[in-house]
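Visitor: I would like to learn how to read a helix and a pocket. Where do we start?

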Amino acid sequence: MSKNIKVWCLSAVAAMMVFALLFTATAGNRQVSAGQDNGYHGKPAKYVFYFIGDGMGMPQINATEIFKGVQSSNDPMYSEKLNFAAFPYLGMQTTQAADTFITDSAAAGTALASGYKTNSAFLNVDPTKRVKYQSMAELAKAKGMKVGIVSSVSLDHATPAAFYAHQPHRNNFYEIALELTDSGFDYFGGGGLLAPTGKKKDQPDALAIAAQKGYKVVNSHNEILNLGQQDGKVIAIQPGLAGEQAMQYEVDRTSQLSLADFTRKGIELLDNPNGFFMMVEGGKIDWASHANDAVTTIRDVAAMEDAVAEALKFYAKHPDETLIVVTGDHETGGMTIGFAGTEYKTAFGKMAQQKISFEDFDKKIKTYRETVGAHGANLSDWLPVLAADYGLVDLTAYDRERLSAALNASMLDKKQRSKDEHSYLLYGTYEPFSVTVTHILNQKAGIGWTTYAHTGVAIPVFARGVGGEAFQGYYDNTDVAKKMINIMGLTQ
Ligand SMILES: [Zn+2]
(Lines give C-alpha, C1' and ligand atoms only; values in the text may rest on other atoms or scores of the structure.)
Protein backbone atom coordinates (compact mmCIF):
# COMPACT_ATOMS: atom_id res chain seq x y z
CA MET A 1 0.00 0.00 0.00
CA SER A 2 1.41 3.42 -0.93
CA LYS A 3 1.74 6.07 1.72
CA ASN A 4 -1.03 8.10 0.05
CA ILE A 5 -3.47 5.21 0.10
CA LYS A 6 -2.58 4.50 3.75
CA VAL A 7 -3.33 8.13 4.66
CA TRP A 8 -6.56 7.93 2.66
CA CYS A 9 -7.56 4.70 4.47
CA LEU A 10 -6.80 6.20 7.88
CA SER A 11 -8.73 9.34 6.96
CA ALA A 12 -11.65 7.24 5.76
CA VAL A 13 -11.66 5.26 9.03
CA ALA A 14 -11.46 8.50 10.99
CA ALA A 15 -14.27 10.00 8.92
CA MET A 16 -16.41 6.92 9.52
CA MET A 17 -15.77 7.13 13.25
CA VAL A 18 -16.73 10.80 13.27
CA PHE A 19 -19.83 9.95 11.26
CA ALA A 20 -20.72 7.13 13.68
CA LEU A 21 -20.31 9.48 16.63
CA LEU A 22 -22.44 12.16 14.96
CA PHE A 23 -25.03 9.55 14.06
CA THR A 24 -25.31 8.29 17.63
CA ALA A 25 -25.54 11.87 18.76
CA THR A 26 -28.69 12.47 16.71
CA ALA A 27 -30.25 9.02 16.59
CA GLY A 28 -33.33 7.96 18.53
CA ASN A 29 -33.51 7.59 22.29
CA ARG A 30 -30.40 9.55 23.13
CA GLN A 31 -30.91 11.24 26.46
CA VAL A 32 -29.32 14.56 27.19
CA SER A 33 -29.54 16.97 30.08
CA ALA A 34 -28.95 20.69 30.27
CA GLY A 35 -26.61 20.89 33.20
CA GLN A 36 -24.70 24.12 32.83
CA ASP A 37 -22.61 26.35 35.00
CA ASN A 38 -24.68 29.45 35.78
CA GLY A 39 -22.17 30.96 38.10
CA TYR A 40 -23.38 29.35 41.29
CA HIS A 41 -20.51 27.63 43.06
CA GLY A 42 -21.88 27.35 46.59
CA LYS A 43 -23.17 24.33 48.42
CA PRO A 44 -25.96 22.59 46.45
CA ALA A 45 -29.52 23.28 47.61
CA LYS A 46 -30.75 20.21 49.47
CA TYR A 47 -34.48 20.98 49.47
CA VAL A 48 -35.93 22.52 46.32
CA PHE A 49 -39.47 23.76 45.70
CA TYR A 50 -40.52 24.72 42.18
CA PHE A 51 -43.94 26.39 41.93
CA ILE A 52 -45.32 26.89 38.45
CA GLY A 53 -48.50 28.89 38.00
CA ASP A 54 -49.77 27.76 34.62
CA GLY A 55 -50.81 30.86 32.70
CA MET A 56 -49.66 33.07 35.58
CA GLY A 57 -48.18 36.31 34.31
CA MET A 58 -47.74 39.59 36.14
CA PRO A 59 -51.39 40.68 35.51
CA GLN A 60 -52.71 37.53 37.23
CA ILE A 61 -50.40 38.26 40.19
CA ASN A 62 -51.21 42.01 40.36
CA ALA A 63 -54.95 41.37 40.06
CA THR A 64 -54.76 38.92 42.97
CA GLU A 65 -52.89 41.50 45.05
CA ILE A 66 -55.52 44.19 44.42
CA PHE A 67 -58.40 41.72 44.95
CA LYS A 68 -56.92 40.56 48.27
CA GLY A 69 -56.43 44.17 49.31
CA VAL A 70 -60.08 44.98 48.56
CA GLN A 71 -61.21 41.99 50.59
CA SER A 72 -59.03 42.65 53.63
CA SER A 73 -59.27 46.44 53.95
CA ASN A 74 -61.70 49.32 53.61
CA ASP A 75 -58.96 51.35 51.95
CA PRO A 76 -59.68 51.22 48.19
CA MET A 77 -55.98 51.83 47.45
CA TYR A 78 -54.68 48.96 49.59
CA SER A 79 -53.17 46.00 47.74
CA GLU A 80 -51.71 43.00 49.51
CA LYS A 81 -48.41 41.73 48.19
CA LEU A 82 -48.38 37.94 47.66
CA ASN A 83 -45.93 35.98 49.80
CA PHE A 84 -43.79 35.01 46.82
CA ALA A 85 -43.89 38.52 45.33
CA ALA A 86 -42.00 39.55 48.48
CA PHE A 87 -39.11 37.13 47.77
CA PRO A 88 -35.73 38.91 47.71
CA TYR A 89 -34.77 37.92 44.15
CA LEU A 90 -36.74 38.68 41.00
CA GLY A 91 -35.96 38.01 37.35
CA MET A 92 -37.84 37.82 34.06
CA GLN A 93 -37.92 34.93 31.59
CA THR A 94 -38.85 34.98 27.91
CA THR A 95 -41.27 32.20 27.06
CA GLN A 96 -41.23 31.54 23.31
CA ALA A 97 -41.19 27.97 21.98
CA ALA A 98 -38.78 26.81 19.22
CA ASP A 99 -41.48 27.34 16.58
CA THR A 100 -43.73 30.15 17.89
CA PHE A 101 -43.43 33.26 20.05
CA ILE A 102 -46.60 32.25 21.87
CA THR A 103 -45.77 28.95 23.52
CA ASP A 104 -47.99 26.13 24.67
CA SER A 105 -47.54 24.44 28.05
CA ALA A 106 -45.63 21.43 26.68
CA ALA A 107 -42.81 23.44 25.09
CA ALA A 108 -42.76 25.80 28.08
CA GLY A 109 -42.80 22.84 30.48
CA THR A 110 -39.88 21.25 28.60
CA ALA A 111 -37.91 24.49 28.88
CA LEU A 112 -38.71 24.96 32.57
CA ALA A 113 -38.13 21.30 33.52
CA SER A 114 -35.20 20.37 31.29
CA GLY A 115 -33.66 23.56 29.91
CA TYR A 116 -34.26 22.96 26.19
CA LYS A 117 -36.34 24.70 23.54
CA THR A 118 -38.72 22.58 21.58
CA ASN A 119 -41.89 22.97 19.51
CA SER A 120 -45.31 23.49 21.03
CA ALA A 121 -47.02 20.20 21.97
CA PHE A 122 -43.66 18.36 22.28
CA LEU A 123 -42.68 17.00 25.69
CA ASN A 124 -38.97 16.60 26.37
CA VAL A 125 -38.08 15.67 22.80
CA ASP A 126 -36.20 17.91 20.37
CA PRO A 127 -37.96 19.43 17.31
CA THR A 128 -36.80 16.46 15.19
CA LYS A 129 -38.24 14.06 17.82
CA ARG A 130 -34.94 12.14 17.94
CA VAL A 131 -33.34 13.35 21.16
CA LYS A 132 -34.91 13.02 24.59
CA TYR A 133 -34.28 15.55 27.32
CA GLN A 134 -33.81 14.64 30.97
CA SER A 135 -35.65 16.85 33.42
CA MET A 136 -34.20 18.23 36.65
CA ALA A 137 -36.59 15.89 38.49
CA GLU A 138 -35.05 12.86 36.76
CA LEU A 139 -31.55 14.16 37.49
CA ALA A 140 -32.48 14.78 41.13
CA LYS A 141 -33.92 11.26 41.45
CA ALA A 142 -30.75 9.78 39.91
CA LYS A 143 -28.70 11.69 42.48
CA GLY A 144 -30.64 10.08 45.32
CA MET A 145 -33.00 12.92 46.20
CA LYS A 146 -36.68 12.18 46.69
CA VAL A 147 -38.99 13.67 44.07
CA GLY A 148 -42.59 14.88 44.25
CA ILE A 149 -44.93 16.17 41.54
CA VAL A 150 -48.15 17.96 42.53
CA SER A 151 -50.72 19.49 40.22
CA SER A 152 -54.25 20.82 40.50
CA VAL A 153 -54.90 19.44 37.01
CA SER A 154 -54.44 15.84 35.87
CA LEU A 155 -51.01 14.34 36.67
CA ASP A 156 -50.48 13.54 32.96
CA HIS A 157 -51.11 17.16 31.85
CA ALA A 158 -48.32 18.98 29.99
CA THR A 159 -46.67 20.79 32.91
CA PRO A 160 -46.39 17.89 35.39
CA ALA A 161 -45.59 15.48 32.50
CA ALA A 162 -42.64 17.68 31.48
CA PHE A 163 -40.90 16.50 34.65
CA TYR A 164 -41.08 12.76 33.87
CA ALA A 165 -42.32 12.09 30.30
CA HIS A 166 -40.72 12.23 26.84
CA GLN A 167 -43.33 12.21 24.09
CA PRO A 168 -43.70 13.63 20.59
CA HIS A 169 -47.17 14.89 21.60
CA ARG A 170 -48.59 16.09 24.91
CA ASN A 171 -51.86 14.26 24.19
CA ASN A 172 -50.23 10.80 24.34
CA PHE A 173 -51.87 10.47 27.75
CA TYR A 174 -51.56 6.70 28.08
CA GLU A 175 -47.87 6.69 27.12
CA ILE A 176 -47.34 9.57 29.55
CA ALA A 177 -49.11 7.61 32.33
CA LEU A 178 -46.84 4.62 31.66
CA GLU A 179 -43.80 6.89 31.95
CA LEU A 180 -45.21 8.15 35.25
CA THR A 181 -45.27 4.56 36.56
CA ASP A 182 -41.66 4.09 35.38
CA SER A 183 -40.37 7.36 36.84
CA GLY A 184 -39.71 5.94 40.29
CA PHE A 185 -40.63 9.38 41.69
CA ASP A 186 -41.75 9.21 45.29
CA TYR A 187 -44.94 11.27 45.35
CA PHE A 188 -47.58 12.26 42.83
CA GLY A 189 -50.48 14.29 44.23
CA GLY A 190 -53.52 16.21 43.01
CA GLY A 191 -55.56 15.37 39.91
CA GLY A 192 -56.06 12.01 38.20
CA LEU A 193 -55.19 10.52 34.81
CA LEU A 194 -57.00 11.40 31.57
CA ALA A 195 -56.65 8.05 29.79
CA PRO A 196 -55.56 5.39 32.33
CA THR A 197 -56.67 2.60 29.96
CA GLY A 198 -55.64 4.24 26.68
CA LYS A 199 -57.51 6.19 23.99
CA LYS A 200 -59.68 3.20 23.13
CA LYS A 201 -59.96 2.09 26.77
CA ASP A 202 -58.51 -1.30 25.84
CA GLN A 203 -55.12 -1.17 27.58
CA PRO A 204 -54.12 -2.39 31.06
CA ASP A 205 -54.98 0.23 33.69
CA ALA A 206 -51.99 2.50 34.28
CA LEU A 207 -52.85 2.83 37.98
CA ALA A 208 -52.87 -0.98 38.33
CA ILE A 209 -49.48 -1.04 36.59
CA ALA A 210 -48.29 1.63 39.04
CA ALA A 211 -49.44 -0.57 41.94
CA GLN A 212 -47.52 -3.52 40.47
CA LYS A 213 -44.46 -1.30 40.31
CA GLY A 214 -44.69 -0.57 44.01
CA TYR A 215 -46.86 2.55 44.15
CA LYS A 216 -49.50 2.90 46.81
CA VAL A 217 -52.45 4.46 44.95
CA VAL A 218 -54.96 6.29 47.18
CA ASN A 219 -57.99 8.39 46.31
CA SER A 220 -59.91 9.09 49.48
CA HIS A 221 -59.63 12.11 51.73
CA ASN A 222 -58.60 10.15 54.82
CA GLU A 223 -56.23 7.79 53.03
CA ILE A 224 -54.40 10.80 51.61
CA LEU A 225 -54.23 12.59 54.96
CA ASN A 226 -52.99 9.41 56.66
CA LEU A 227 -50.14 8.77 54.20
CA GLY A 228 -46.74 8.52 55.86
CA GLN A 229 -43.17 7.70 54.88
CA GLN A 230 -43.84 4.02 55.69
CA ASP A 231 -46.13 3.94 52.61
CA GLY A 232 -43.19 4.30 50.20
CA LYS A 233 -43.93 5.62 46.71
CA VAL A 234 -47.45 7.05 46.46
CA ILE A 235 -49.95 8.39 43.96
CA ALA A 236 -52.57 10.45 45.81
CA ILE A 237 -55.58 11.46 43.73
CA GLN A 238 -58.13 13.95 45.01
CA PRO A 239 -61.55 12.26 45.41
CA GLY A 240 -64.54 13.80 43.59
CA LEU A 241 -62.57 15.50 40.83
CA ALA A 242 -64.05 18.23 38.61
CA GLY A 243 -63.91 18.09 34.79
CA GLU A 244 -60.90 16.63 32.95
CA GLN A 245 -59.61 14.80 36.03
CA ALA A 246 -58.63 18.09 37.65
CA MET A 247 -59.15 19.35 41.19
CA GLN A 248 -61.98 21.83 41.71
CA TYR A 249 -61.40 25.48 41.07
CA GLU A 250 -60.58 27.09 44.39
CA VAL A 251 -63.72 29.27 44.17
CA ASP A 252 -65.86 26.08 43.97
CA ARG A 253 -63.90 24.02 46.52
CA THR A 254 -65.78 23.06 49.69
CA SER A 255 -64.33 20.31 51.91
CA GLN A 256 -61.91 18.82 49.37
CA LEU A 257 -58.16 18.95 49.89
CA SER A 258 -56.40 22.10 48.69
CA LEU A 259 -53.19 22.55 46.71
CA ALA A 260 -51.62 23.58 50.04
CA ASP A 261 -52.77 20.27 51.61
CA PHE A 262 -51.07 18.31 48.81
CA THR A 263 -47.92 20.42 49.23
CA ARG A 264 -47.81 19.92 53.01
CA LYS A 265 -48.30 16.16 52.55
CA GLY A 266 -45.49 16.17 49.99
CA ILE A 267 -43.08 17.77 52.45
CA GLU A 268 -44.01 15.14 55.04
CA LEU A 269 -43.45 12.27 52.60
CA LEU A 270 -40.31 13.57 50.90
CA ASP A 271 -38.27 14.96 53.81
CA ASN A 272 -35.15 12.79 54.15
CA PRO A 273 -31.38 13.17 54.68
CA ASN A 274 -30.65 13.11 50.91
CA GLY A 275 -32.94 16.05 50.24
CA PHE A 276 -35.89 16.42 47.87
CA PHE A 277 -37.23 18.20 44.82
CA MET A 278 -40.93 19.05 44.59
CA MET A 279 -42.74 20.70 41.69
CA VAL A 280 -46.16 22.15 42.49
CA GLU A 281 -48.34 23.37 39.65
CA GLY A 282 -51.31 25.71 39.96
CA GLY A 283 -52.69 24.33 36.71
CA LYS A 284 -56.14 25.92 36.64
CA ILE A 285 -54.96 29.54 36.75
CA ASP A 286 -54.46 28.88 33.04
CA TRP A 287 -57.85 27.30 32.47
CA ALA A 288 -59.70 30.13 34.22
CA SER A 289 -57.72 32.71 32.22
CA HIS A 290 -58.49 30.88 28.95
CA ALA A 291 -62.15 31.31 29.93
CA ASN A 292 -61.59 35.01 30.80
CA ASP A 293 -62.93 34.51 34.33
CA ALA A 294 -60.92 36.88 36.56
CA VAL A 295 -62.20 35.85 40.00
CA THR A 296 -61.69 32.14 39.30
CA THR A 297 -58.17 32.97 38.08
CA ILE A 298 -57.44 35.11 41.14
CA ARG A 299 -58.75 32.53 43.61
CA ASP A 300 -56.48 29.88 42.04
CA VAL A 301 -53.45 32.22 42.23
CA ALA A 302 -54.31 32.67 45.92
CA ALA A 303 -54.51 28.87 46.33
CA MET A 304 -51.00 28.62 44.93
CA GLU A 305 -49.87 31.34 47.32
CA ASP A 306 -51.24 29.18 50.16
CA ALA A 307 -49.19 26.25 48.82
CA VAL A 308 -46.09 28.49 48.75
CA ALA A 309 -46.81 29.31 52.41
CA GLU A 310 -46.26 25.61 53.22
CA ALA A 311 -42.86 25.75 51.53
CA LEU A 312 -42.05 28.92 53.48
CA LYS A 313 -42.80 27.14 56.77
CA PHE A 314 -40.29 24.45 55.77
CA TYR A 315 -37.84 27.13 54.61
CA ALA A 316 -38.02 28.82 58.02
CA LYS A 317 -36.67 25.60 59.57
CA HIS A 318 -33.98 25.00 56.88
CA PRO A 319 -33.04 28.44 55.53
CA ASP A 320 -29.47 27.48 54.59
CA GLU A 321 -30.45 24.39 52.63
CA THR A 322 -33.69 25.33 50.85
CA LEU A 323 -34.43 27.00 47.50
CA ILE A 324 -37.92 28.14 46.51
CA VAL A 325 -38.58 29.28 42.93
CA VAL A 326 -41.99 30.58 41.84
CA THR A 327 -42.78 31.36 38.21
CA GLY A 328 -45.30 30.80 35.40
CA ASP A 329 -44.94 29.04 32.05
CA HIS A 330 -46.62 31.84 30.02
CA GLU A 331 -49.42 34.33 30.43
CA THR A 332 -52.94 33.31 29.42
CA GLY A 333 -55.87 35.41 28.24
CA GLY A 334 -54.02 38.66 27.65
CA MET A 335 -55.38 39.72 31.00
CA THR A 336 -54.68 43.27 32.02
CA ILE A 337 -55.60 45.84 34.61
CA GLY A 338 -57.25 48.55 32.55
CA PHE A 339 -60.23 48.44 30.17
CA ALA A 340 -61.37 50.91 27.50
CA GLY A 341 -64.75 51.36 29.16
CA THR A 342 -63.34 52.23 32.58
CA GLU A 343 -60.11 53.98 31.53
CA TYR A 344 -58.16 54.95 34.66
CA LYS A 345 -60.68 53.59 37.12
CA THR A 346 -60.71 50.18 38.78
CA ALA A 347 -63.44 48.76 41.01
CA PHE A 348 -62.28 45.31 42.11
CA GLY A 349 -64.89 45.39 44.89
CA LYS A 350 -67.50 44.69 42.20
CA MET A 351 -65.99 41.19 41.81
CA ALA A 352 -65.93 40.39 45.52
CA GLN A 353 -69.32 38.67 45.48
CA GLN A 354 -68.52 36.09 42.76
CA LYS A 355 -69.08 32.66 44.35
CA ILE A 356 -68.85 30.32 41.39
CA SER A 357 -66.47 29.41 38.56
CA PHE A 358 -67.53 29.55 34.91
CA GLU A 359 -67.34 25.74 34.97
CA ASP A 360 -70.05 25.38 37.62
CA PHE A 361 -72.08 28.26 36.15
CA ASP A 362 -72.04 26.42 32.78
CA LYS A 363 -73.83 23.53 34.49
CA LYS A 364 -76.69 25.86 35.49
CA ILE A 365 -76.96 27.07 31.90
CA LYS A 366 -77.10 23.47 30.66
CA THR A 367 -79.95 22.64 33.06
CA TYR A 368 -81.83 25.79 31.97
CA ARG A 369 -81.34 24.93 28.27
CA GLU A 370 -82.74 21.47 28.88
CA THR A 371 -85.74 23.01 30.64
CA VAL A 372 -86.74 25.91 28.35
CA GLY A 373 -85.50 24.65 24.96
CA ALA A 374 -83.85 26.58 22.12
CA HIS A 375 -86.27 29.51 22.01
CA GLY A 376 -87.66 29.78 25.54
CA ALA A 377 -84.91 31.80 27.23
CA ASN A 378 -85.64 35.04 29.05
CA LEU A 379 -82.91 37.18 30.60
CA SER A 380 -85.20 38.12 33.50
CA ASP A 381 -85.03 34.49 34.70
CA TRP A 382 -81.31 35.04 35.23
CA LEU A 383 -81.17 38.43 36.92
CA PRO A 384 -81.57 37.02 40.48
CA VAL A 385 -78.96 34.33 39.67
CA LEU A 386 -76.46 36.91 38.40
CA ALA A 387 -77.00 38.92 41.58
CA ALA A 388 -76.56 35.87 43.85
CA ASP A 389 -73.64 34.15 42.07
CA TYR A 390 -71.70 37.19 40.82
CA GLY A 391 -73.04 40.22 42.70
CA LEU A 392 -73.80 41.59 39.23
CA VAL A 393 -76.64 44.08 39.62
CA ASP A 394 -75.83 47.41 37.96
CA LEU A 395 -76.62 46.39 34.39
CA THR A 396 -76.74 49.03 31.65
CA ALA A 397 -78.93 48.72 28.54
CA TYR A 398 -75.80 47.69 26.60
CA ASP A 399 -74.99 44.99 29.19
CA ARG A 400 -78.53 43.60 28.86
CA GLU A 401 -78.26 43.60 25.08
CA ARG A 402 -75.01 41.60 25.24
CA LEU A 403 -76.40 39.23 27.88
CA SER A 404 -79.61 38.56 25.93
CA ALA A 405 -77.73 37.82 22.70
CA ALA A 406 -75.32 35.52 24.57
CA LEU A 407 -78.16 33.76 26.40
CA ASN A 408 -79.91 33.05 23.08
CA ALA A 409 -76.63 31.73 21.65
CA SER A 410 -76.22 29.46 24.70
CA MET A 411 -79.68 27.96 24.15
CA LEU A 412 -78.61 26.45 20.83
CA ASP A 413 -77.13 23.00 20.67
CA LYS A 414 -73.32 23.33 20.46
CA LYS A 415 -73.29 21.99 16.88
CA GLN A 416 -75.82 24.62 15.75
CA ARG A 417 -73.94 27.58 17.16
CA SER A 418 -72.37 30.10 14.82
CA LYS A 419 -68.66 29.53 14.22
CA ASP A 420 -68.05 32.83 12.44
CA GLU A 421 -65.33 35.29 13.37
CA HIS A 422 -67.71 37.59 15.22
CA SER A 423 -68.98 34.79 17.49
CA TYR A 424 -65.46 33.54 18.16
CA LEU A 425 -64.26 37.01 19.16
CA LEU A 426 -67.24 37.37 21.50
CA TYR A 427 -67.26 33.93 23.10
CA GLY A 428 -64.24 31.86 22.00
CA THR A 429 -65.26 28.21 22.32
CA TYR A 430 -66.90 28.91 25.69
CA GLU A 431 -70.52 28.93 26.83
CA PRO A 432 -71.64 32.30 25.36
CA PHE A 433 -73.75 33.40 28.33
CA SER A 434 -71.12 32.39 30.90
CA VAL A 435 -68.21 34.16 29.22
CA THR A 436 -70.34 37.27 28.62
CA VAL A 437 -71.22 37.43 32.33
CA THR A 438 -67.53 37.34 33.34
CA HIS A 439 -66.56 39.79 30.58
CA ILE A 440 -69.14 42.31 31.82
CA LEU A 441 -68.25 41.81 35.49
CA ASN A 442 -64.49 41.99 34.82
CA GLN A 443 -64.84 45.07 32.63
CA LYS A 444 -66.85 46.88 35.32
CA ALA A 445 -63.95 46.12 37.68
CA GLY A 446 -61.45 47.49 35.14
CA ILE A 447 -60.01 44.19 33.87
CA GLY A 448 -59.58 43.54 30.15
CA TRP A 449 -58.87 40.35 28.19
CA THR A 450 -57.46 40.07 24.65
CA THR A 451 -57.54 36.36 23.82
CA TYR A 452 -58.89 32.93 24.76
CA ALA A 453 -55.40 31.49 24.22
CA HIS A 454 -51.91 32.25 25.60
CA THR A 455 -49.84 35.39 25.04
CA GLY A 456 -46.13 35.84 24.34
CA VAL A 457 -45.05 38.21 27.11
CA ALA A 458 -42.14 37.62 29.52
CA ILE A 459 -42.92 36.12 32.92
CA PRO A 460 -41.52 36.96 36.38
CA VAL A 461 -39.37 34.51 38.35
CA PHE A 462 -39.34 34.88 42.14
CA ALA A 463 -36.63 33.14 44.18
CA ARG A 464 -35.70 32.80 47.83
CA GLY A 465 -33.03 30.75 49.58
CA VAL A 466 -29.91 28.88 48.44
CA GLY A 467 -28.75 30.20 45.04
CA GLY A 468 -31.71 32.59 44.81
CA GLU A 469 -29.47 35.44 43.64
CA ALA A 470 -28.83 33.56 40.36
CA PHE A 471 -32.41 34.30 39.29
CA GLN A 472 -31.87 38.06 39.00
CA GLY A 473 -31.87 39.50 35.48
CA TYR A 474 -33.63 38.97 32.18
CA TYR A 475 -33.08 35.58 30.56
CA ASP A 476 -34.81 32.74 28.75
CA ASN A 477 -37.18 30.13 30.18
CA THR A 478 -34.55 27.45 29.43
CA ASP A 479 -32.19 29.32 31.77
CA VAL A 480 -34.57 28.85 34.72
CA ALA A 481 -34.01 25.08 34.45
CA LYS A 482 -30.27 25.46 33.83
CA LYS A 483 -29.92 27.63 36.92
CA MET A 484 -31.88 25.18 39.06
CA ILE A 485 -29.91 22.17 37.77
CA ASN A 486 -26.73 24.06 38.62
CA ILE A 487 -27.89 25.07 42.10
CA MET A 488 -29.06 21.53 42.90
CA GLY A 489 -25.57 20.26 42.01
CA LEU A 490 -26.91 18.19 39.13
CA THR A 491 -24.54 19.70 36.55
CA GLN A 492 -23.09 16.94 34.39
ZN1 LIG B 1 -49.29 26.55 30.37
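This is a predicted model: local features need pLDDT of at least 70, side-chain atom pairs count only at pLDDT 80 or more; totals for chains, interfaces and linings use all residues.

Guide: In α14, the buried residues are Asp399, Leu403, Ala406, Leu407, Ala409 and Ser410. Their arc around the axis is only 160 degrees, which puts them on the same side of α14.

Visitor: Why do residues three or four places apart point the same way in an α-helix?

Guide: An α-helix has 3.6 residues a turn, so residues at that spacing point the same way.

Visitor: Which exposed residues does the face of α14 turned away from its buried side carry?

Guide: That face carries Ala397, Tyr398 and Glu401.

Visitor: What covers the buried residues of α14?

Guide: The cover includes α12, α13 (379-390), α15 and α16 (432-445).

Visitor: How does the span of α14 agree with 1.5 Å a residue?

Guide: Helix α14 has 14 residues, 397-410, so it should span 20 Å. Its end C-alpha atoms are 20 Å apart, which agrees.

Visitor: Now the pockets. What is the volume of the largest pocket?

Guide: It is about 660 Å³. The lining has 28 residues, and Glu244, Tyr249, Trp287, Phe358 and Tyr430 lie nearest the centre. Helix α12 gives the largest share of that lining, six residues. By class, the lining has 12 charged, nine nonpolar and seven polar residues.

Visitor: Which helix gives the most to the lining of the second largest pocket?

Guide: Helix α15 (residues 421-427) does, with three residues. This second largest pocket holds about 330 Å³ of space. Its lining has 14 residues, and Arg417, Ser418, Lys419, Gly428 and Thr429 lie nearest its centre. By class, six are nonpolar, four polar and four charged.

Key
Residues are numbered from 1 along each chain as its sequence is written. Side-chain values use heavy atoms; hydrogens and water are left out. On a 1 Å grid over the protein atoms alone, a cavity is a set of points where a 1.4 Å probe fits but cannot get out, and a pocket is an open set with protein on both sides within 12 Å along at least five of seven lines; lining residues have an atom within 4 Å of a point. Grid points are joined across faces, edges and corners, and a volume is the space filled by probe spheres set on the points. Helices (H or I, at least four residues) and strands (E, at least two) are DSSP runs, numbered from the N terminus. Ala, Val, Leu, Ile, Met, Phe, Trp, Tyr, Cys and Pro count as nonpolar, Asp, Glu, Lys and Arg as charged, and the others, Gly among them, as polar. The expected span of a helix is 1.5 Å times one less than its number of residues. Buried means under 20% relative accessible area, exposed over 50%, partly exposed in between (1.4 Å probe, protein chains only). The arc is that of the directions from the helix axis to the C-beta atoms. Contact means heavy atoms within 4.5 Å.
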